[in-house]
Amino acid sequence: MKKSRFQIFGTLALVALLSSCASLDKMKEAAKNIKYTVTPEVLATQNTANGAIVPMSFKASVPSKMWDKKVSAELTPVLVYDGGETAYPSKMYYGEAVQGSDGQTISYTNGALAEYPQQSVEFNDKMRVSNLIVRIKFIKGDQTLETSTVELEMGPNGDGAIAKGVIATSLLLGDEPGVPTIGKDNFKRIINEDQSAELIYLINKADIRNGELKKEDVMAINDYIKAINEAENKNLKDVVVSAYASPDGATSLNEGLAAKRETSAKGYIEKVLKKANASANVVAKNTPEDWEGFKAAMEKSNIQDKDLILRVLAMYTDNDVREKEIKNLSAAYKAIAEEILPPLRRAQITVNAELVGKSDEEIKNLAINDPAQLNVEELLYAGKLYEGDKDKVAKIYASAASQFANDWRALNNAGVAEYENGKVAAAKALFEQAEKIQAAPQVENNLGIIALAEKNYDKAKEYFGKAAGAGSELDQNLGICALLEGDYAKAETYFGANISCNAALVKILNEKYDAALSNLNANTLECGFKYYLKAIAAARKGEGDYVKENLRKACQLDAKWKTYAKTDMEFAKYDIQSIID
C-alpha cells in the first residue's frame, strides 16, 4: 500500500524529534564530566553601602567532543538553603552551529573553559548553611531538557554542590558596634584662688593712711586670710606684695619711694597674718617707675593728646626723655597729674590660696549614697572612678542628669551608660535632650552610634560629619561605617593603631592575619568576640591547634559562639565538634 505524504512527513518529524531528544539526553549524560571551579572556593559576604552581598564566579571545564554544535544551554547558579533559595543571573552558552550574541560559544572539537563572570545576590543569614548548585537547561531547536548538578550527582560529595556555605565574617561587628563618647568633667582636686587689695599712697609718701585700711577691698582681704586659716579644705600658699611709684619726678627719688612703699605694705600684711594666726611666705617687690601702668591707664582714658602721648611712649625708651616730652604738653599734663598718676602710687597685695577638694573615697561614697552633696564636676568625675561597674556608673550619671538637667554632659553621660547597658532607646532620648542644650561633638557622635544601631547608616554618617573633635572614638565609628560599606582599606586607615576587636576584624578582611593577631593579643578586654576572631585568623593561617585553643576560650566566655561556630564555614576544615559540644 502506498504511504501518504502526511505519513511520510509525520515519520520524518518523529525521527527528528527522537534524534533531538537523544542528542539532549546525550548532552545531559556528558554534562557529568564538566568540572566547576568556583571563586572564591568558599563563598563569603562582601559589605556594601546597600547591605551585604555574596559575590561569586566560576569556570566550567567542558571536555572536547562533548558539546553538540546545535545545542545551547542556559546555566543558572542557585544558593539553596533551609526554607528557600536564591538564584544568580542566568547565562547562555552556545554550540558552534547556534547563533547567539549574549553568551559564550563552546567548541565541539576542543571543548572550552566556560566562564561565568562575577555576579552577586543579597545575603541572608540562612545562606551561611547552603549549597551552590547549577541548574542547566539544554535547548536544541524547539526541544528543551532541564537538569541540575544535583540530579547529575556532581560535586565532591555527590550532592550537586559546587560550593558549600557562605562565610559571613564581614558582618561580625562587636556587641557594641558604635563607640560612645562621654562629656569630660572639669574636676580638679586642688583649685587655685586669690584675692587682691590696693593701698594708695599720696605723692612722695610711703606711709599707709588710716582711710586706706578701711577700704572695702582691704578689709575683705583681712577677712579672706582669716577664713582660709579657719577652713579645713583651704590652704594659704603665699602673699605677693607689689609696690610702685608713678613715673614722675627724679628716677632716684622714685627708686627709694617704691622701696619704702614695699616695706610699709609688707609690714602691714605681716601684721594681718600674725593677728589671724596664719603663716604664709610674703614675697615683696617694687617697680620704681610704673610706665606699663601709665600706658595702660592712658589707653583707657579720654585725655586730650592721648594718641600723641602714646606715640611718645613708643618713640622713646629713656624714662627722663619720656617725662620731659609729656610735660611739654602742658594742657594734657595737668589732666595726667590729676587722673592718671595718683592711682599708680600704690602697693598691690595678692593673697594666693588653694581649695583642696574631696578625696576619691569621699566622692565615691557620696556619689552612691548622697549625690546631692556633690557638684556636677564631682559627679561626672565619680563616674570615672566606678569605671567597669556598669550599674553604679549608670546610677551616678542618672543622678547627674537629674540634678543638673541643663548640663549637656550630664545628660550625654547618662545616655552613654544606658547605651552600654543595652538600652538603646533610653540612650537615644537622653542624647537628644543633650543636643537641645548644646550640639557638642560628643553628643553628635553618640547620636551617630544610635543611628548605627538602628541600621540607618546615612543618618549615622550625617551625625559623624558634625562630630569633629569628639576624639578617637569618632575615628573608630567612621571605621565601622567604612567597614559596613565594604571599603576595608579605608576602614583600616580610620582605625589606625586602635586595638579594638573591630580594628582586628578589618585586618582579617584585608587578609593581614598576623597583624590582626598582634592587635588582638594587645587587647586586654576579656570577651568571646576577641577569641573568636583569633580563631578565625588562625584558621585562615592553617594553625589548627591555635584555632581550637581560641575557639574554646571564646565559647567559655560567651556561649553564643558555640551556636555560631557550628555553621561557620571558617572552620569547615577543622574538627571543632568536641569544643562546641
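This is a short tour of one protein model, from its overall shape down to single residues.

First, the ground rules. The model is predicted, so local features need pLDDT of at least 70 and side-chain atom pairs count only at pLDDT 80 or more, while totals for chains, interfaces and linings use all residues. Residues are numbered from 1 along each chain as its sequence is written, and side-chain values use heavy atoms, with hydrogens and water left out.

Now the whole protein. There are 23 helices and 16 strands. Helices (H or I, at least four residues) and strands (E, at least two) are DSSP runs, numbered from the N terminus. The C-alpha trace spans about 155 × 60 × 40 Å along its principal axes. The radius of gyration is 43 Å, whereas a compact globule of 581 residues would have one near 25 Å. That radius is taken over C-alpha atoms, and the globule rule is 2.2 Å times the number of residues to the power 0.38.

How much of the protein is buried? Buried residues make up 45% of the 581. Buried means under 20% relative accessible area, exposed over 50%, and partly exposed in between (1.4 Å probe, protein chains only).

Next, helix α5, residues 291-300. Its buried residues are Trp 291, Gly 293, Phe 294 and Met 298. They sit on the same side of α5, because they cover an arc of only 155° around the axis. The arc is that of the directions from the helix axis to the C-beta atoms. An α-helix has 3.6 residues a turn, so residues three or four places apart point the same way. On the face turned away from the buried side of α5, we find exposed Glu 292 and Lys 300. What caps the N-terminal end of α5? Asp 290 does, with a side-chain oxygen 2.9 Å from the backbone nitrogen of Gly 293. A polar contact is a pair of N or O atoms within 3.5 Å; within protein, one must be able to donate a hydrogen and the other to accept it, and residues adjacent in sequence count only if both atoms are side-chain atoms.

On to Leu 483. This residue is in helix α16, residues 472-484. Leu 483 counts as buried, at 0% relative accessibility. Leaving out residues up to four places away in sequence, Leu 483 touches several others, including Asn 47, Ser 170 and Tyr 488. Touching is contact here: heavy atoms within 4.5 Å.

Now cysteines. How many disulfides are there? The count is zero. A disulfide is a pair of cysteine sulfur atoms within 2.5 Å. Take Cys 501. Its sulfur is 4.1 Å from the closest cysteine sulfur, in Cys 527, and that is too far for a bond. Cys 555 is in no disulfide either; the nearest cysteine sulfur, that of Cys 527, is 13 Å away. Cys 501 is buried, at 7% relative accessible area. Cys 555 counts as buried too, at 5%.

Last, some loops. The peptide bond from Thr 39 to Pro 40 is cis, with omega near -5°. Pro 40 is in the loop between β1 and β2. Lys 65 is not a glycine, yet it has a positive phi of about 55°. Lys 65 lies between β3 and β4 and is exposed, at 58%. Asn 204 is not a glycine, and its phi is positive, about 65°. Asn 204 is partly exposed, at 47%. Asp 575 is in the loop between α22 and α23. Its side chain reaches the backbone nitrogen of Gln 577 at 3.4 Å.
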